[in-house]
Amino acid sequence: MVKIALDAMGGDNAPHDVVHGGIEAARLSKSRFEVVLVGEEQVIRKEMARHFRIHDLPISVVHASETIQMDEEPVIAVKQKKDSSMAVAMALQKKGKVAAVVSAGNTGALMATALFTLKRMEGVRRPALGTIMPSENGRAILLDVGATVDCRPDDLLKFAIMGSIYFSQIYNESKPRVGLLNIGHEAMKGNELTLKAYSLLSAAPIHFVGNVEGGGILHGDADVVVCDGFTGNAVLKFGESLLSIFKSSIRKLTRKYILSQLGAVLMKPTFDGIRKLFDYQEYGGAPFLGVQGICIKAHGRSTPKAIKNAVLVAYKMAAGNVTQKISDEIKQLSIDLPSESS
């Protein structure tokens with residue numbers, strides 16, 4: 001049985017919502033995977049006691065005496081707290097005792113722990129953090145969204161390959177369309193980074209569809225959209241604000257007009273569908289690609305539903321052998337990168 005380590009102490013709503021989400025994931029296991037809750041054992045078992053009929057679920061606990069808080073400086077916290085729930089979970093994966101790690105904790109600390117413990121893949125200079133964005137076609141993965149702020153053209157090439165394999169395995173898409181986030185569709189548009197990256201992506205063993213503008217992400221112009229971490233993080237934060245703005249706008253308009261209140265009742269199924277489309281809980285978590293292992297970063301405010309889905313994504317990655325497939329593809333990459341790309 002595949003084992004998934006879940007950082008029970010990471011996140012704004014830990015351990016309550018994290019343990020709850022882990023239990024809900026275990027209920028859906030059907031003997032495919034086991035959830036390993038990592039953290040202060042006494043605290044975790046107290047939370048588990050709140051739930052009924054869990055004695056026969058595939059779930060276990062591994063003790064960790066320390067917790068990295070959300071506001072701690074990542075590198076310092078990782079160095080000082082050797083027995084944190086995050087560090088213990090990652091060490092379990094390094095030793096082969098679990099196949100993946102899921103955490104809603106401190107993003108910087110999680111990335112640092114993954115790099116220190118699991119190490120980078122051969123051929124990957126900088127890993128990437130990907131996030132799922134809604135689109136008219138269903139969804140798209142955007143990467144990088146903050147792991148690597150300053151990128152080289154060959155970094156974007158590796159992001160494209162990693163994202164394409166991830167999307168293919170998780171969403172059963174044989175040839176995901178890969179786009180380069182840019183200020184225009186034309187090949188000659190963009191800065192030095194995107195111009196050089198365009199050339200590399202055009203020759204890569206992927207289904208490259210060219211440049212994609214910001215609006216093209218939601219319109220579904222590509223399944224995989226690559227960019228540097230600075231740009232990607234800005235797009236991500238903008239996207240995360242859309243749902244709250246949509247909900248507040250609807251409330252204001254329905255309160256202003258009586259007929260709108262009636263219309264809102266009739267349109268509730270439609271509004272619920274839109275809410276679901278933009279709800280981060282539906283997508284589970286963001287994969288940290290380019291390390292020698294599986295690491296899923298769940299949203300800091302993750303609810304039990306979001307944690308459950310993050311565990312399911314981690315299982316899909318493990319079952320689909322995504323890490324090994326990415327590693328093999330990167331090693332086989334035979335494109336000669338121009339020296340000025342550095």
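A nonpolar core is a set of buried Ala, Val, Leu, Ile, Met, Phe, Trp, Tyr and Cys residues joined through side-chain atoms within 4.5 Å. The structure described here is a predicted model.

## Cores

The largest nonpolar core has 66 residues. Val35, Leu37 and Met48 have the most contacts inside this core. Helix α6 gives the largest share of the core, 10 residues. In soluble globular proteins, nonpolar side chains tend to be buried together.

What does Met48 touch? Leaving out residues up to four places away in sequence, Met48 touches Val19, Ile23, Leu37, Ile54, Ile59 and Val61.

## The whole chain

The protein has 342 residues, and 51% of them count as buried. Its secondary structure comes to 13 helices and 11 strands. Take the contacts between residues at least 6 apart in sequence: 73% of them join residues at least 24 apart.

| Helix pair | Residues | Angle | Axis distance |
|---|---|---|---|
| α6 and α13 | 153-171 and 322-332 | about 145 degrees | 10 Å |
| α1 and α2 | 16-27 and 41-48 | about 65 degrees | 9 Å |

Start with α6 and α13. Their crossing is right-handed. From α6 come Lys158, Ile161, Met162, Ile165, Tyr166 and Gln169. They meet Val322, Lys325, Ile326, Glu329 and Ile330 of α13. By class, the residues of this contact are 7 nonpolar, 1 polar and 3 charged.

Now α1 and α2. The crossing of α1 with α2 is right-handed. On the α1 side, the contact is made by His16, Val19 and Ile23. On the α2 side, it is made by Ile44, Glu47 and Met48. This contact has 4 nonpolar residues, 1 polar and 1 charged. Met48 is also one of the residues with the most contacts inside the largest core.

## A covered helix

Helix α4 spans residues 85-94 and is mostly covered. How many of its residues are buried? The count is 8 of 10. The buried ones are Ser85, Met86, Ala87, Val88, Ala89, Met90, Leu92 and Gln93. They pack against strands β1 (2-7), β2 (33-39), β3 (59-63), β4 (100-103) and β11 (295-298), and against helix α5 (107-117). Just after α4 comes Gly96, which takes a positive phi of about 80 degrees.

## Cysteines

By the rule used here, the protein has 0 disulfides. A disulfide would need the two sulfur atoms within 2.5 Å.

Cys151 is in the loop between β6 (138-143) and α6. Is Cys151 buried or exposed? Its relative accessibility is 14%, so Cys151 counts as buried. Cys151 contacts Arg125, Leu156, Phe159, Leu193, Asp228 and Gly229, leaving aside neighbours within four places in sequence. Leu193 is 42 residues from Cys151 in sequence, yet their C-alpha atoms are 7.9 Å apart in space. Cys295 counts as buried because its relative accessibility is 2%.

Ser164 is in helix α6. Its relative accessibility is 11%, so Ser164 counts as buried. With neighbours within four places in sequence left aside, Ser164 is in contact with Pro176, Val178, Ile206 and Val224.

Gly214 lies in helix α8, which spans residues 214-219. Gly214 has 44% relative accessibility, so it counts as partly exposed. Which residues does Gly214 contact, leaving aside neighbours within four places in sequence? They are Leu181 and Asn182. Gly214 and Asn182 are 32 residues apart in sequence. In space, they are 7.3 Å apart, C-alpha to C-alpha.

How values were computed
Residues numbered from 1 in each chain as written. Predicted model: local features only at pLDDT ≥ 70, side-chain atom pairs only at ≥ 80, totals over all residues. Heavy atoms only, no water. Axes fitted to C-alpha atoms, helices over the stretch in contact; angles between N-to-C directions. Helix = DSSP H or I, 4+ residues; strand = E, 2+ residues; numbered from the N terminus. Left-handed = near helix turned anticlockwise from the far one by under 90°. Contact = heavy atoms within 4.5 Å. Nonpolar A, V, L, I, M, F, W, Y, C, P; charged D, E, K, R; others polar. Buried < 20%, exposed > 50% of the residue type's maximum accessible area, 1.4 Å probe, protein only.
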